[in-house]
Amino acid sequence: MTEYAITTAQLAKIYPGVRAVDGLDLRVPRGSIYGFLGRNGAGKTTTIRMLMCLASPTHGSASILGLQWPADRLAILQRVGYLSEKKLLFEAMTGRDLMRFNRPYFPRWSDEAAKRYAERLEIPMDRAFRKLSQGNRTKLCLLLALAQGAELLILDEPTSGLDPVVMDQLLKVLIEDYAGEGRTIFLSSHNLAEVEKVADWVGIIHQGKLLLEAPLEEIRADFRRVAASGNNLPAQPKAQIFSVASSGSFTEYFVRNDAERFAAGLRAQGAAVLETSPLNLEQVFLQLVKKEEPCISGNIGATPAAVSSSI
Amino acid sequence: MYFWKYWRDTRRGVFVYLGVLIWIVLFWMYAIYRANRLHNIGGDPLILWAMMVGVTFSFVYMCAIVMGLILGTSNVGSDFAKGTAEFLLTRSRSRRYFVWTGWLTGMAELLSLMIVTGFIVVGATAFATGPVWRRVPSPIRFQVDQDFIDIPKMVLAAVLMAALVFGLTYFMSVLLKSRQRGVIASLGILTAYQAVNVILKDWARISLPSLDLMERAYASETWHLSPQVVMLFWAVLALAFPFAAQVALDRKDI
C-alpha cells in the first residue's frame, strides 16, 4: 500500500490556446483531508475530471490508491467516490431508485450505510430527484458516494450553493463518519474558511500550476507577514519572500519559513521591523495567487539559509 | 442495472406508441367493416389477405422508423445534455458497456414493438374479416396481379430499417452529446441520402442501395447487386453504428 492516495506526475491538460492544467505534481497523503484550492478556472475541475477518468491528460500520469490511470480505470472507479460540481443525478429517480441503480456497480456497497446516512442527513428517499432542494440533492449525491464504501472521496465544490446548516451537516458526516475511519477526502473549493475548518493538507492551484502543497499546520506555522520601515529594502519577491507590497518607506513582506531570521536580516540592514504576524489560509491564498511561481510539492519555501542572501 | 434505467427512460414512449396503435387499429377495423358492407371485398380472400399484409407491414415499417428515432435518442448522449453523464460514466463499468447495453435494450424493445404491432394488426383484421389466410393457397409467399408478396423478406426489411434508423440516431446522439441534435442529424442524413440517390439516378444513372427496403428488398436494380447483397450492406452498416458510438464515446472527454 502506497502512502499516497493520489499522486500525479507532470499531469497536463492542454486545450487549443489554453493550458488548463500545466504539469501538476500532486501528492495527497492517505487518510488526509486535502483541500484543493484555486480561483474559478484555475484548473481544479479539469484535474478532478482527469483523476476520475472522465478526461484524458494531454501528458503526464496519475496514480490513485496505487492504481494506474487509465489501465486500472474500473478498479479506480470501484474504490473512489465522486461528487461532481454539477451534482446532477437521474431526475426521474427517487433516492431508493438511485440506490438500486448504484448498488451493482460497487462490490463494497452497503445498504445499511446508505440507510444510516439517509437518516442522519434527513434525505427524503421516496421523492424524485428533480423535486429535491439543492441541499437534499447534494446530500443524496454524497450518500451514494459514501455508501459505495469508497476508500477515497473526490468532492468537487461539495458545499457550493448550500445554506450554513446543510453545510455543517455535510461536513460533520464527512469528518466524523468518513474521515474518522482513516479514509481520504480530496475536496476542491474556493470557500477558504470551510477548507481551513476541515482540511489538514492544502494544495493551491493557479492557472493550471500548483503554487503550494503543504500540511495546513505547516502553513500556519511558517507563513508570516512582516511589516518594516526603512530605505533600500528589497522590493521584489525572492526566495522565501513570496509577496511584497511597498508604500513609501513602508514595506509589507509575506514570507515563508523562519520569519524571525528574515526580520533580523531586515534589522541588520537598518530597517525598523514594525510587526511580525501569522497569516491565515485566506491571506496566504490571496498573496500566492497574486504571484504565479510554482513550488515543489511538500516544500513550502526556501531554506532559512537563503534569507540573508535574499535581502 | 443500465437495462433497467434504459427501460425506465423509454417506457413512456413505448406505452404512448401502443396507445396510438390501438386507436389506429380500432379505426382500421371500422374501415374494414364499412368497406365489407359497401363493396364486399371479403369475396376474394387473396385480395383481402394482400391488403391485410400491406397494412400490417406499413404499420410495422412506420413503427420501425418512428420508434427507431425515439429509442435511438435514449442513450449516453441524452445524459450529456441532462448533465448526468459524469455520474453515469463514473460507475465502475467500461464506457462500451453503457453503449452496448443501451443499444441491445433499444433493439430488443424495437423488435418487440414491431412483433406486437404485427400481431395486433393481423389479429384485428382477422377479427374484422374472419381468418382469411385459411382460404389463401400460400399465405406466406403469393402473387396478386403484378405484385409478388414475400412476408419473410418484408419482415427482414422492416427489421433492417429499424436497426438502421435506430443505430444511426443512437450514434449521432452520442457523437453530438444531445438527443435533439441526434434526431435532427439522423433525419438530415437519411433525407440527404435519399436526395443524393434521386439526383444520381436522374443525372448519372447510378443507383445507390435504396433506403426503401420494403419496396426494393427483392428488386435487383440497385447498383445491379443482388437483393441479398443490398440487405447485407445495410445490415453491416446498422451494426457499425454501435461500434462507431463506442469509439466516439471512448475518445470523448466528459
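Predicted model: local features only at pLDDT ≥ 70, side-chain atom pairs only at ≥ 80, totals over all residues.
Chain A has 311 residues, and 57% of them count as buried. Its secondary structure consists of 11 helices and 15 strands. The C-alpha trace of chain A extends over about 70 × 40 × 35 Å along its principal axes. Among the contacts in chain A with a separation of 6 or more, 71% are between residues 24 or more positions apart.

As for charge, chain A carries 36 positive and 34 negative side chains. The centres of these two sets lie 5 Å apart.

Some details of the backbone of chain A can be picked out. Most residues other than glycine have a negative phi, and most peptide bonds are trans. The peptide bond that runs from A:W69 to A:P70 is cis, with omega near 0°. A:P70 sits in a loop of chain A, with β6 (67–68) on one side and α2 (73–79) on the other.

Two glutamines of chain A have a positive phi. For A:Q10, phi is near 50°, and this residue lies in strand β1, which covers residues 4–15 of chain A. For A:Q207, phi is also near 50°, but A:Q207 is found in a loop, the one between β10 (201–206) and β11 (209–215) of chain A.

Next comes chain B. Chain B is built from 9 helices and 2 strands. The C-alpha trace of chain B spans about 65 × 45 × 25 Å along its principal axes.

Chain B has 254 residues, and buried residues make up 49% of them. Of its contacts with a separation of 6 or more, 74% involve residues 24 or more positions apart. The accessible surface of chain B is about 12400 Å², and 68% of it belongs to carbon and sulfur atoms. Chain B has 23 positive and 14 negative charges, and their mean positions are 8 Å apart.

B:Y97 belongs to helix α5 of chain B, which covers residues 95–129. How far apart in space are B:Y97 and B:Y2? Their C-alpha atoms are 9.0 Å apart, while 95 residues separate them in sequence. Leaving aside residues up to four places away in sequence, B:Y97 touches B:M1 and B:Y2 of chain B and also A:Y105 of chain A.

The largest pocket has a volume of about 600 Å³. Its lining consists of 21 residues. Those nearest the centre of the pocket are A:A92 from chain A and B:R8, B:D9, B:T10 and B:R12 from chain B.

Which element supplies the largest share of the lining of the largest pocket? The answer is α1(B), with 7 residues. In chain B, at least two lining residues come from each of α1 (2–39), α2 (45–72) and α3 (76–82).

Cavities were searched for across the whole structure, and 2 of 30 Å³ or more were found. The largest cavity has a volume of about 120 Å³, and 16 residues line it. Nearest its centre are A:Y82, A:S84 and A:L89 of chain A, along with B:F87 and B:R91 of chain B. Two or more lining residues come from each of β7 (80–83) and α5 (134–147) of chain A and α4 (85–88) of chain B. The element that gives the most to this lining is α5(A), with 3 residues.

Definitions and conventions
Residues numbered from 1 in each chain as written. Chains lettered and ligands numbered in written order. Heavy atoms only, no water. Helix = DSSP H or I, 4+ residues; strand = E, 2+ residues; numbered from the N terminus. Buried < 20%, exposed > 50% of the residue type's maximum accessible area, 1.4 Å probe, protein only. Contact = heavy atoms within 4.5 Å. Areas by Shrake-Rupley, 256 points an atom, 1.4 Å probe, with all protein chains shown as cover. Lys, Arg positive; Asp, Glu negative; His and termini not counted. Charge placed at Lys NZ, Arg CZ, Asp CG, Glu CD. 1 Å grid on protein atoms, 1.4 Å probe; cavity = no way out; pocket = protein on both sides within 12 Å on 5 of 7 lines; lining within 4 Å. Points joined across faces, edges and corners; volume = space filled by probe spheres on them.
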